[in-house]
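Here is a report on one protein chain.

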Amino acid sequence: NGLNLQATMTGADAIPRRDKEGWSNPLTNVYTCADGRHLMLGVQNAKKDWPDLARALKRPQWLEDERFSNIRTLFRNRFEALAEFRAAFAELTVDEACERLGV
């Protein structure tokens, strides 16, 4: 993650490449917030922390959605999850997102 963070901080943008090659991770990605600032999400223990993230973003319905109900299906449907995460973070400022995430 350190190399990706350094690259992002210096202006490199590998996101289109990662998406094209199919290896984007919705739980470790950069999201644009409502204030135009960016937040880098880095969930380390996906299985444990996924339910907490869904609740923090006030999207508990994701946990009932068969596409995202467990980590295996979440990653199988990662492009749909990315779109949902982008929409959720786009509704929040970075400060609001950090507060909800406990950062």
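Rings of Phe, Tyr and Trp (its six-membered ring) pair if their centres lie within 6.5 Å; planes under 30 degrees apart count as stacked, over 60 as edge-to-face and the rest as tilted. By that rule, ring pairs join Tyr-31, Trp-50, Trp-62, Phe-85 and Phe-89 into a cluster.

This is a predicted model, in which local features need pLDDT of at least 70, side-chain atom pairs count only at pLDDT 80 or more, and totals for chains, interfaces and linings use all residues. Residues are numbered from 1 along each chain as its sequence is written, and side-chain values use heavy atoms, with hydrogens and water left out.

## Overall build

The chain has six helices and two strands. Helices (H or I, at least four residues) and strands (E, at least two) are DSSP runs, numbered from the N terminus. From the N terminus on, the order of elements is α-α-β-β-α-α-α-α.

Buried residues make up 33% of the 103 residues in the chain. Buried means under 20% relative accessible area, exposed over 50%, and partly exposed in between (1.4 Å probe, protein chains only). Contact means heavy atoms within 4.5 Å. Of the contacts in the chain with a separation of 6 or more, 55% are between residues 24 or more positions apart.

## The aromatic cluster

The structure holds five aromatic pairs. In one of them, the ring centres of Tyr-31 and Phe-85 are 6.0 Å apart and the planes stand at 50°, so the pair is tilted. This pair links distant parts of the chain: Tyr-31 is in strand E1 (residues 28-32) and Phe-85 in helix H5 (residues 78-90), 54 residues apart. Tyr-31 is buried, because its relative accessibility is 1%. Phe-85 also has a relative accessible area of 1%, so Phe-85 is buried.

Trp-50 lies in helix H3 and Phe-85 in helix H5, so the pair ties together parts that are 35 residues apart in sequence. Both Trp-50 and Phe-85 are buried.

## The second largest pocket

A pocket is found on a 1 Å grid over the protein atoms alone: it is an open set of points where a 1.4 Å probe fits, with protein on both sides within 12 Å along at least five of seven lines, and lining residues have an atom within 4 Å of a point. Grid points are joined across faces, edges and corners, and a volume is the space filled by probe spheres set on the points.

The second largest pocket has a volume of about 210 Å³. Its lining residues include Leu-39, Met-40, Asp-49, Asp-52, Ala-56, Arg-100 and Val-103. Strand E2 (38-42), H3 and helix H6 (94-101) are the elements that give two or more residues to this lining. By class, the lining has eight nonpolar, one polar and three charged residues. Here Ala, Val, Leu, Ile, Met, Phe, Trp, Tyr, Cys and Pro count as nonpolar, Asp, Glu, Lys and Arg as charged, and the others, Gly among them, as polar.

Ala-56 is one of the lining residues. It lies in helix H3 (residues 46-56). Leaving aside neighbours within four places in sequence, Ala-56 is in contact with Arg-100 and Leu-101. The C-alpha atoms of Ala-56 and Leu-101 are separated by 6.1 Å, although the two residues are 45 apart along the chain.

## Single residues

| Residue | Relative accessibility | State |
|---|---|---|
| Ala-56 | 15% | buried |
| Lys-58 | 56% | exposed |
| Thr-73 | 12% | buried |
| Asn-77 | 18% | buried |

Thr-73 lies in helix H4 (residues 71-76). Asn-77 is in the loop between H4 and H5. Beyond four places in sequence, Thr-73 touches Glu-66, Arg-67 and Phe-68. With the same exclusion, Asn-77 touches Arg-67 and Phe-68.

Both side chains also reach backbone atoms. A polar contact is a pair of N or O atoms within 3.5 Å; within protein, one must be able to donate a hydrogen and the other to accept it, and residues adjacent in sequence count only if both atoms are side-chain atoms. The side chain of Thr-73 reaches the backbone nitrogen of Ser-69 at 3.5 Å. A polar side-chain atom of Asn-77 lies 3.1 Å from the backbone oxygen of Arg-67.

Lys-58 sits in the loop between H3 and H4. Most residues other than glycine have a negative phi. Lys-58 is not a glycine, yet has a positive phi of about 55°.
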